[in-house]
Amino acid sequence: MKDSLAMMVRHHLRRAAIAGGLEAAHVLARTGLLGEARGRGAVFTLHHVRPRRYRTFDPNAHLEITPAFLDRTILTLKRAGYRFVALEALPECLGSADDRPFACFTLDDGYRNNLEWALPVFERHGVPFTVFVTAGYVDRSHTLWWETLADLLSASREFRFDFGDGAVLVPSGTSLQKQAAFGRIAAHIRGTDEASAVAALNDAAFEHGIDPLTITELLTLDEGGLRALISSPLASLGAHTISHRAVARLDDDEARREIASSAARVEAITGRHPLTFAYPYGHRPTVSSRDHRLAAELGFAVAVTTEPGTLCRGVNLHAVPRISLNGHFQSERHVSALASGIPFWRLGAR
Ligand SMILES: [Zn+2]
């Protein structure tokens, strides 16, 4: 109990620190002194775009924004003089003499709501965007562990989970217990063989009548959905591996296979080799310099991380930082603050 309290406190402090950084950056941005931090432009990361559904336990709320917030984000960037370009045009933009800042929009994992809710917003503003497709979701062969875990915790008061030494009972009756269990199992998935940990989670979910592949089916676009998406000239598809595991933790052959096969799967839908790739999770321990090299060798013009930052000339095109639009901070002043690049300095992330 003490541990989960400490975890909750840390979680809230961190969120307050981010919000503090964003507010401070908003004030600084209004002084007009931030040209250098803003760099040449920014790549934004989105996941779900859908109307807010209030759930009592919602550990993935940071991964969703509303269509209205996406709309306001685009308007805020337009007012700040940004031009909007497709991610695959990034190398050209960085080398161009046009010194107006530019923004690229990317959406990871290939959610159905990208077609239903995000596309109409992008179309209204004529803004290009790239959806990073996880091939194992398209083909309904792989599951989204963070969604499975959220559903399992919402539905259970306790559940059996095998951390590798036989099943133990994990309490999940109260909000604190759910929060703690989410952190504990997420850490286990990050810290051990990801495929077996996810398989153990899927077993636990099944015991509570939850079919993780049904979640994949409900949440993500299949091939028909992706074809509908790319019937818009604004939409491009990029690759995002087959199984959505941390690439840095795979051996060379497997890492190469995951990246190359997902590119082939996208090519089978679009008719051309994708020029862009997003590393699953995308922050430092999940992506290595070997992976940057692999992405370059496998023919991608641009590979994106989730390391926060804005863009400058000379950025490594196979380790491009992005700015996450976070469901907890959905106001215009957060967007201009994020685009300024300053919050990352305050958080020491650059
Ligand atoms: Zn992803």
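Analyst: Keeping in mind that this is a predicted model, the largest nonpolar core counts 61 residues. Those with the most contacts inside that core are Val43, Phe44, Val131, Val133, Val302 and Ala303. Take Val133 as a way in: setting aside neighbours within four places in sequence, Val133 is in contact with Gly110, Val138, Leu226, Leu237, Ala239, His240 and Val266. There's also a second, separate core of 20 residues, which includes Leu144, Ala200, Ala204 and Ala205.

Now for the strands. On one pairing, β5 goes with β1 in the parallel sense over 6 bridges, and Ala42 stands opposite Ala103 in β5. Then there's β4 (residues 83–84), which pairs with β5 in the parallel sense over 2 bridges; here the bridge partner of Arg83 is Phe102 in β5. β5 also pairs with β6 (residues 129–133), again parallel, over 5 bridges, with Leu107 standing opposite Val131 in β6. To get from β5 to β6 the chain passes through helix α5 (residues 112–125), and this β-α-β crossover is right-handed.

You'll find Arg40 in the loop between α2 (35–38) and β1 (41–46). Buried or partly exposed? Arg40 has 19 other C-beta atoms within 10 Å, and because a residue needs 20 or more to be buried, Arg40 comes out as partly exposed. The C-alpha atoms of Arg40 and Ala103 are separated by 9.0 Å, although these residues are 63 residues apart along the chain. Leaving out neighbours within four places in sequence, the contacts of Arg40 are Leu94, Pro101, Phe102, Leu311, Cys312 and Arg313.

Back to the second core, by way of helix α9. Ala200, Ala204 and Ala205 belong to that core, and they're also among the buried residues of α9, along with Glu194, Ala197, Val198 and Leu201. Seen down the axis of α9, the buried residues fall within an arc of 155 degrees, so they line one face of the helix. A quick check on the helix geometry: at 1.5 Å a residue, the 14 residues of α9 (residues 194–207) should span 20 Å, and the end C-alpha atoms are 20 Å apart, which agrees. What do the buried residues of α9 pack against? They pack against α7 (145–155), β7 (158–162), α8 (175–191) and α10 (212–219). Just after α9, Gly209 takes a positive phi of about 75 degrees.

One of those packing partners, β7, has side chains that alternate along the strand. β7 pairs with β8 (residues 167–171) in the antiparallel sense over 5 bridges, and the bridge partner of Phe161 in β8 is Val168. The hairpin of β7 and β8 has 4 residues between the strands, and in it Gly164 takes a positive phi near 120 degrees.

Key
Residues numbered from 1 in each chain as written. Predicted model: local features only at pLDDT ≥ 70, side-chain atom pairs only at ≥ 80, totals over all residues. Core = buried A, V, L, I, M, F, W, Y, C linked by C-beta atoms within 7 Å. Buried ≥ 20, exposed ≤ 12 C-beta atoms within 10 Å, placed from the backbone. Contact = placed C-beta atoms within 7 Å. Expected span 1.5 Å × (residues − 1). Arc of directions from axis to C-beta. Pairing = 2+ DSSP bridges. Right-handed = clockwise from strand over helix to strand, strands pointing away.
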